[in-house]
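Thanks for asking me to look this one over. Here are my notes, in numbered points, to read alongside the structure.

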Amino acid sequence: MINQHLEMAIPAADVVIAELQEFIDSRPDAREVRKALAVKLVYQGYKYEEIQTILDVSVGSITSWKQAYQENGILGLRLNYKGRKSYLSDEQFLQVLSWLQTKEIWELGELEYKLAFEYDVIYESKRSYYDLFEAAGISWKKTTGLNPKADQEVVAGKKKQIETLLASNREEIEARKLRVLLIDECHLLWGDVTGYVWGRTDQEIAIEVVNERDKQTYYGAVDYLNGKLLLKAYNDGNSKNTIDYLRYLLDQSPDQRLLLIWDGASYHRSHLVQDFLGEINQGLPPEKWKIHCIRFAPNCPSQNPIEDIWLQAKTWIRRFCALIPTFRHLKWMFEWFLRNTMFDFMSLQMYGVFSEIKS
């Protein structure tokens, strides 16, 4: 009997969805629309993490809006609804900044929890939480892996050599007569889709991966002057594919000489690749070579800014890990991100700042 009364008290999902859609169609304030959309998606069976990505709102906000709707109906979604605060007092603001100084590494959820349960504050936009981090001198950053085999003196010396080489050719680089390309290979694995997501603490989050060893190799070169990425897919990294990629770079750079900077992979140094370069540059003085190659210092990937690009792409696809059904879809999303993103970050000009001359 009790269960029957509870079922009668709780509206069916289709009734709730219809009511929320009617409210949305009435064209209220855009902020009210976002609240209603979030709650509607909850009732349609979307996960909170999916809604967070779609609407760019915090999980805490979604929880608060759903609770307000359950308790007060549509009125709970109105801007004048007196729910939890969306601000901190000056004193509370200083207390939170002081608290953020107690650790070096933070997760966004920790800050959301702190504000919601100690100050009864839930922000509608994640931007407000980011602003708090920024005010406390905390920024989003990549952790750095340091290879103990790297000789830092050699790395510093190579950096200086590259800086000097680029500076001495500044005029031709900025006039786009000499194209500087930073090259690397990336091996995308089906297992790369797995990453960190928000989920129940008492449940394991499993992502279906049919064959974790499925792999796609990409050759990539980022233009040092404008950040453009030249991407091409291959079955593996080897001498034959390296030569094919070098031909591709020549085709993409008509009337330009190429200065390529890459690591010391065996297939970069192979006799086949050296013979190809000798053929391409045959009869030309070094300053007129069509392709001039120099190597980074060994055992230090951070010398190459393209590593940040691969990381950004893999981080992006991990946001949708639960929504990617096949390795084919994974490759498509990875390539789409790389071909449709303008890359502009500090390390991209770590060997000197140049300006592109527009034609």
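**Notes on the sheet and a helix pair**

1. Let's begin with the sheet. It is open and built from five strands, in the order β3-β2-β1-β4-β5, with mixed pairing. At the edges sit β3 (229–234) and β5, each of which pairs on one side only. From one strand to the next, the twist averages 25°. Please keep in mind that this is a predicted model.

2. Next, the antiparallel part of the pairing. Strand β1 and strand β2 (residues 215–223) run antiparallel and are joined by nine bridges. If you want a spot to look at, Glu185 has Tyr219 of β2 as its bridge partner.

3. Two helices pack on this sheet. Helix α13 (residues 306–318) touches β1, β2 and β3, and its direction makes about 40° with that of β1. Helix α14 (residues 327–339) also touches β1, β2 and β3, but its direction makes about 160° with that of β1.

4. Now for β4 and its two partners. Strand β1 (residues 178–189) runs parallel to β4, and five bridges join them; here Leu181 has Leu260 of β4 as its bridge partner. With strand β5 (residues 291–295), β4 again pairs in the parallel sense, over five bridges, and Trp262 stands opposite Arg295 in β5. To get from β4 to β5 the chain passes through helix α12 (residues 271–280), giving a right-handed β-α-β crossover.

5. Are the residues of β4 buried or exposed? Strand β4 (residues 257–262) is mostly covered, with six of its six residues buried. In a regular strand, side chains alternate between the two faces of the sheet. In β4, Arg257, Leu259 and Ile261 point one way while Leu258, Leu260 and Trp262 point the other, and all are buried.

6. Finally, a helix pair. Two packed helices are described by the angle between their axes and the distance between the axes. For helix α3 (residues 30–43) and helix α5 (residues 59–72), the angle is about 85° and the axes are 9 Å apart. Angles of 65 to 115 degrees count as roughly perpendicular, so α3 and α5 are roughly perpendicular to each other. On the α3 side the contact is made by Arg34, Lys35, Ala38, Val39, Val42 and Tyr43, and on the α5 side by Ile62, Trp65, Lys66, Tyr69 and Gln70. By type, the residues of this contact are seven nonpolar, one polar and three charged.

How values were computed:
Residues are numbered from 1 along each chain as its sequence is written. This is a predicted model: local features need pLDDT of at least 70, side-chain atom pairs count only at pLDDT 80 or more; totals for chains, interfaces and linings use all residues. Side-chain values use heavy atoms; hydrogens and water are left out. Buried means under 20% relative accessible area, exposed over 50%, partly exposed in between (1.4 Å probe, protein chains only). Helices (H or I, at least four residues) and strands (E, at least two) are DSSP runs, numbered from the N terminus. Two strands pair if DSSP finds at least two bridges between them. A crossover is right-handed if, with the strands pointing away from the viewer, the path from the first strand over the helix to the second runs clockwise. Axes are lines fitted to C-alpha atoms, for helices over the stretch in contact, and angles run from 0 to 180 degrees between N-to-C directions. Angles under 35 degrees count as roughly parallel, over 145 as roughly antiparallel, 65 to 115 as roughly perpendicular and the rest as oblique. Contact means heavy atoms within 4.5 Å. Ala, Val, Leu, Ile, Met, Phe, Trp, Tyr, Cys and Pro count as nonpolar, Asp, Glu, Lys and Arg as charged, and the others, Gly among them, as polar.
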